[in-house]
Structure formats: structure tokens, C-alpha cells
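Subject: Structure for you to look at

Hello,

I am passing on the structure below, followed by notes on what was found in it. Please read them with the model open.

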Amino acid sequence: MAVPKADKLGVSVTREPSLMTGAVPSKSWMDTPVEFKPGNFCYPAKKSIVEYHKFPNPRDWEPVADDWKLPANWKDIILQGIKERLDKFRSFKIFMDCCVRCGACADKCHFFLGTGDPKNMPVMRAELLRSIYRNNFTTAGKILGKLAGGREMTFGVLKEWFMYFYQCTECRRCSVFCPYGIDTAEITMMGRELLHLVGVNINWILEPAANSNRTGNHMGLQPHTIKDNIGYLCDDIEEITGVKITPTFNRKGAEILFITPSADIFAEPGIYTAMGYLLLFEHLGLDYTWSTYASEGGNFGLFTNNEMMKKLNGKMYAEAKRLGVKWILGGECGHMWRVIHQYMDTMNGPADFLEQPTSPITGTRFENAASTKMVHISEFTADLIKHKKLKLDPSRNNHRIVTFHDSCNPARAMGLIEEPREVIKAAANNFFEMPANTIREQTFCCGSGTGLNTDEIMELRMRAGLPRANAVQYVHDKHKVNTLACVCAIDRATLTSLMNYWVPGVEVCGVSELVGNALVMDGEKERETGLRFEPLAGEGE
Amino acid sequence: MRVLYPFLAVIAFILIALVGVRIPGGQSLIGIVLPYLAILAFTGGFVFKVLGWARSPVPFRIPTTCGQGVSLPWIKQNKLDCPSTFWGVAGRMLLEVLLFRSLFRNTKASIHKGPQLAYGSSKWLWLVGLTFHYSFLVIVIRHMRLFTNPMPAFLHALEFGDGILQVGAPQLYITDLLLVGALLFLFVRRLVMPQVRYISLANDYFPLFLILGIGITGILMRYFIRVDVVGIKQLAVGLVTFSPKIVGDIGSLFFIHLFLVCLLLIYFPFSKLMHLGGVFLSPTRNMANNSRMKRHINPWNDPNITPHSYAAYEDEFREFMVEAGIPVDKELAKPAESAAAGPAAEAAPAEG
């Protein structure tokens, strides 16, 4: 599964016949079966992991095999599953009925742009499921069958679902353009839920979900390891700034509980973002605590099914209640914030044991979080900056020429667009936007979200990330941009691979890293390097 | 097949109507029975479908936010693309329904050597779609002249506006041209654009042909082939007053036109044409983005789904936690006396 070199892949993306390059497949999509080969699918979930979740049909199986060891009545299970979901989700029902196949969504999907595979057009992805819906649940489909766009549920269809519902990152870009607001994220969620019913799933999602359940975070970090890791970050901070920070863990009576994706305290470049948080909170003298139990902001349940999402998310409120904090502050993460913003209160609220979040520094009441009682770090920081409560020296980021990648969910499921920009502009002097069609609500996914950031599909990821990379390339060439800032932990991991592949010379960082770099701490020594021990502008060059 | 079958189907329907008017009782069937049936099927089917959608709850608040959300007081919210209030949502829906806001955003992506992606403006679909829908609407309203006696003033005004070009006799209606032109564009677009051609189904072509059939027969009647307008008006008024009768020889063309209209009405609720109703109910558009301000209720939220408990977590990791100086709720069982560790020890600096 060697991944071709970027220049080679670049040529093949533009030259190879595909629907993107103008070649029209001769056969109808219904007559085009999928073929699994190494590199175009994610590894199935391990039997033990499926058993741990008590999900149906745990077994060892291979996507390339002809026999997926499905339950004998798998078709009935799927059809029954569709019926149940039609009754539970109005979105699903309407999205099945309303599409007119106008094609406006077709070239909005990063997977389609990068692969040219017709089934990656959002409309087509939905048709994979819609055709079954029509055949079995609509009058026209029952009478006219194929003529009404219906088709039988077959093993071939199931394979298509596994292929293409795992080539969608639920980024919702298509839904911005759809005249009826049809959201492929909803379709993909339903598709994945249905696949789970017959035991078809991927390990890169279910194992992190299992870890999150047991250890509190998807990395599987145990409590002492979390404390150790953050301790190491504090050591680095001390070395760089001369300031000694001693954060607390699981401390009852703290005012604020801070939750961020566990990747931020474990892997580069997320750890620099975590150092930014630590410096910021120290700078403010914030009365806050980390939790080792609720130590994951991200929610792999969102990529699994709504039950798992609720179960994993439940820890946030449970821990806030146990510790007796007043409100919760959340770190930088994309889909984590989709869950918090659009699902958490509904699933696990009401959070009546918490108080409406109020910044202890500025006194600002976060009216927009009045019920959920959880505030995004960019909102919190932007408020501090507006009230001039941060001593910032943006010239410390002069070695960085920054652009900002809007993460899908904050942009299209929250409307968090200006806050991180306000923060960046205060913390850095060089900031350039990517082209308008690739940012804000039209932003492109990193290409590896929703649990697809696994190495076995690297070529696919690089293709899907091409639209994002291409926009970065544009500002890299035009403005010498060398830093891609973002507010998402998955982005920090995946965009790094993406940049290394398509736009070498561009580093990825969290917005809070820029803040940490610029913060002038009380009693600090003169800084010679940034948080990555990288030389600052004018130093050591 | 996906193009030919629906085309043949519409031709077949025209032939059926043509033959139908010639057999005894056929005119009553097409002119009187079928319209009632069609109206019944349309309203019944429409209501049934909408109620069917409404029966399923909206468990989560999932608007697609297309602009800055409500945030700190000094950050300017995009109140129409990311509304947080009822009136904001109403505005967003009006833009969507009346002006096709989302489609207006449309772009066309192309890939070039490099690789380089480019996104060009692409407003044709928006423009023609809007033209088609509004022309259709005006034409439907114009037809009210057949059912009203005397005609209300606004119909006169509408007819005057629509005929403002003052070409030909009878005067040419702009909407007639626009409707047929738009339909042809949409049809050719489906055939020519590779992506759209690939996704198009028979049920995408059928309504195009059907409406085109209706439009063409209507135009033929108005401008080229004489039909008995007085008879048509008598029948129309009769239909709405529940005393329909067919007087004299109206002309086959009228019956073909009416037959196709009835088919469209019957077909409507069972087809994608229901996007007319669906757009109002789409949860990504008709919900306010206020889910952190106001709790949204999911009627089937399952209270039995609870997280892996802290107690179970601590039971598994207590030893490590105590050793690392992380506070615990229950002390370690064995060295009960010497356990001064606990919350107090936690305040001490971490190792390092």
C-alpha cells in the first residue's frame, strides 16, 4: 500500500479518467460493483473490541473476502433498521424524499474532488441508501422498482455502503449548497448505524471508542500517564519561559473543569496547543482543574451511533457534577464541539447543577452557553483579548506567517468563525486568509475526519485532503504562509501529514499555541525559542 | 432507458387522452372525474406525506450554520445564514424558499495541472431554477381566470404584466416562453453535464417531460390551435361549483392538456416534487442555532444510557491514581493508616 509520491499523485488526479477530469463512466452506477483492495478500506474492528461494546455479530472478517460472515437474516435487520430510523429522525425521512438530483452538491465534496469517483458525489452517496429506501418504503418504488430508482438490498449494496460511508467525513460542506439543506452527514451517520447492526465496522473508530469508555480518553491514557504527560509539558514550558506551572487534576471545588482532546496532551503538534492552554491559565491564575476521568473532548461515538455518542459524552457532565465545578471550558476540537454544541444538552442535560458560564477575569457572561454551560476556548480567549486582559507580544510569532483552517464542525455546526480569527490576529502579526471558497462555511475538510485518519487508507486521505492542501498551497506561494492554524485536534494530526505530503514547509498549529507563544508571563525569562523549541524570528538565523 | 422510458410514457399518456376523448363518456371521465380524483390525490397525498414527515421527531438540533453564530456581544452575528431566533429562522427560510439562497452559493469546481483546483461562479442553475418556478407560479395563477367570474383585479394586472411585450395576437405571455425555455435548459443540462447525467434517474426526466407536455399543449391552445374557451370556462367554473358539465366541442387538445395536468397532480405527492413541502421541514434549515442557549428535547432520549461510571473508573485505576497523587473518592484498602495521600498531597508539585 505504498502511497505514491505527491507529484505522481498530482498528475494522476488531473489526468486519469474520472468524473472530475471529464470522463463519463459508460455503465450506470447501479451496475458498477465496488472492489475492495488493500488501501481503499479501513481495517474492520477487532472481534474483542466489538464484544467489548456488546455490538452485534463480533467475529474476524475481511472486507476483501467474498463472505463477510453476516447474520443469516442480515437483510431483514437492515430493512428493519431503516424503518426504525425513519421513525426516529425526521431529517433522515425528509432527506430520503426530497432530493431532486440537481447536482449542486456534486463537486462540493472533497472526496469527489480528490478521487473523481462518481459515488463520492454527495448525491450519489445518499442514493446508495435512497435506492433501497425507494424500493422498500415508497409506493412508487414498490410498484415501479428500478424505473423509480429503486433496487433490492443485496450484498453488493452493503459493500458499497461500507466503502462510501467510510469515504465521507460528515463535514457538511455539501449541505451548505443544497437547496433543501440535505445533509450527507446525517445520511452517513444512518448508514454507519445500519452497518453496525450487522457487524460491519472499522477498528479505527471502535477501538478509540472503547478506550474512551474505559480510560476516559481515546488514546487509552491511564490517569497517572495523563498527569505525567502534562508534567512533561510543564517541564518544557519551564525550560522555555522560566515559569513553573503546577496544574491540578480531578480537584473538587475548582471553578472550571477544562476538557480537551487527549491528543493535545499526547502527540505533536497537539502538545504545543496544550502548552498554550497551560500558559494561558497560569497567566490568568485561573481556578481550574483537568480531569483524568473525563479526559477526552473528542467523541468517537459521533462516528459510531447516537447511543455511543451519548454514553461517551455523559462523562463531561458526570465529572463536572462530581467535582462541583461551576462550568466547563472546552479545548480546540472540531467534532467534539459538534457534539457539545448540537447534542450534549439534549442527550445528557439539563446541566442544572452548573452555573451560567461567566469569565472570572472579565465578568463576561457567556449568554450563548446559558443552557449547556460549556464555553469554547476561542470564545473565552477572544473575550479576554477584547478586554485587554492578556499581555501579548505578537512579534514572538513573527517567524510564523499564518493562515487559518476553519474546521468543519465549528464552522458549519456552530458558527464559530470570527472568534479564532480574533485570537490569531491578536497573537500574531502575519495573517492571511485562504481563498473565499475554501474557508468559513465553505471550508474544506482535512480529508481524514470521522475516524478516517488511519494509515491504511493514506492515499485516499491525501486525495481527500487535496482541496484543503491546494488552498494552503495558494497562500504559501502568494504570501509565504508557513503556518496553518486550526481549532481541531484531528486537524492537527491529519493536516500535518497532509502538509508534509502536498505543501512541505507548512507547519500545523493550534490557535492556542500562538497564544502561548505570545503571552508575556509574570516572572518569565527572555524567550529564545517558541514552544516547539523552534528559533524565533531574528534569533539564531 | 432513463430518458427514453419517461419520454415514451408521456407520449403514451397523450395518446391515451387523444383516444379517450373520442370514446363515449371519455370526455366526462377526463374532464370531470379525473380532475376531482387528481385534486383529491394531490391534497390527500400531500397532506399524508407531510404528516408522515411530521410524525418523526427531530431528536437533535442540527442546523447547518452558514455564517457567524451568536457569540460575544461585539462579534457580529450573521442573523440570516446562522439565525438564533425565530425571526432569524423565518428570514432564512424566506430567502431559501423565495430566492433559493443555498443554490445561489453554487460554484463549479475544476481541476488543472499542478494539481490545482479552481472554483468558479456558477449561477445558471440558480437563475434558471428560479425562472422555472416563478414562471410556473405565474402561469398557475393566471389560470385562475378560468375559475373566477368576474376576474379579480390582480389577475388583470398579472396578465398585463406577463404580456407586456405586446407581441402577437393573442398576446404572448413572457412566462410561457420562460417556462418552456427553462425546462429545455434543465433537460439539456441533465443530458450534457457529465455529473448530472450520471445521477439522473427516470424519475428526474419524467416530470420534466410531463410539465413540458403541459406547457406545449397550453401554448398550442393559446396561440395556434383554436379551442372553445367559453366551453372551458364553463367546465372550470362548473368544477369549482360542483356542477360540472361539458358543453359543445371544446377540442381534444384541451383534454390532453387537462389529462397531463391531472397526472402531474396525482404524481406529485409520490415523487421528488414533494421538495415543495420538504424544504419547509428541513431540520438543517428551519432550526435556530441556539442549542447551547436553550435545551432541545429529544422525545426518545434514553435515560438508561449512562457513561462508564467514575466509581468503576477509580476502582480500576485507584492504585495508580494514589501513587501519582491524584485525588480519589475512596482510599486504597490496604495501608489505611499511612494514607495521608489524597486531596492534600495533590496540591504538591508534580514530579520533575
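Chain A has 22 helices and seven strands (DSSP runs numbered from the N terminus, H or I of at least four residues for helices and E of at least two for strands). Its radius of gyration is 23 Å, close to the 24 Å that the globule rule gives for 541 residues, so chain A is as compact as a globular protein of that length (the radius is taken over C-alpha atoms, and the rule is 2.2 Å times the number of residues to the power 0.38). Along the principal axes, the C-alpha atoms of chain A fill a box of roughly 75 × 50 × 40 Å.

This is a predicted model, in which local features need pLDDT of at least 70 and side-chain atom pairs count only at pLDDT 80 or more, while totals for chains, interfaces and linings use all residues. Residues are numbered from 1 along each chain as its sequence is written, with chains lettered from A and ligands numbered from 1 in the order in which they are written.

The model scores ipTM 0.94 and pTM 0.94. For chain B the mean pLDDT (the predictor's confidence in each residue, from 0 to 100) is 92, and 95% of its residues reach 70 or more. Over residues 338–352 of chain B, pLDDT stays under 50, and the model has 26 contacts beyond four places in sequence for them. Where pLDDT is low, the predicted coordinates should not be read in detail.

Within chain A, helix H14 (residues 306–323) and helix H15 (residues 334–348) pack with their axes 10 Å apart, at an angle of about 85 degrees (axes are lines fitted to C-alpha atoms, for helices over the stretch in contact, and angles run from 0 to 180 degrees between N-to-C directions). That makes H14(A) roughly perpendicular to H15(A) (65 to 115 degrees; under 35 is roughly parallel, over 145 roughly antiparallel and the rest oblique). Among the residues making the contact are A:Met309, A:Asn313 and A:Tyr317 of H14(A), and A:Val339, A:Tyr343 and A:Met347 of H15(A).

As for the interface, 91 residues of chain B are in contact with 106 residues of chain A (contact: C-beta atoms, placed from the backbone, within 7 Å). On the side of chain B that touches chain A, H13(B) supplies the largest share, seven residues.

Chain B is divided into domain 1 (4–281) and domain 2 (310–346), with bounds from an automatic or database domain assignment. The C-alpha centres of these two domains lie 70 Å apart.

Regards

Key:
Contact = placed C-beta atoms within 7 Å.
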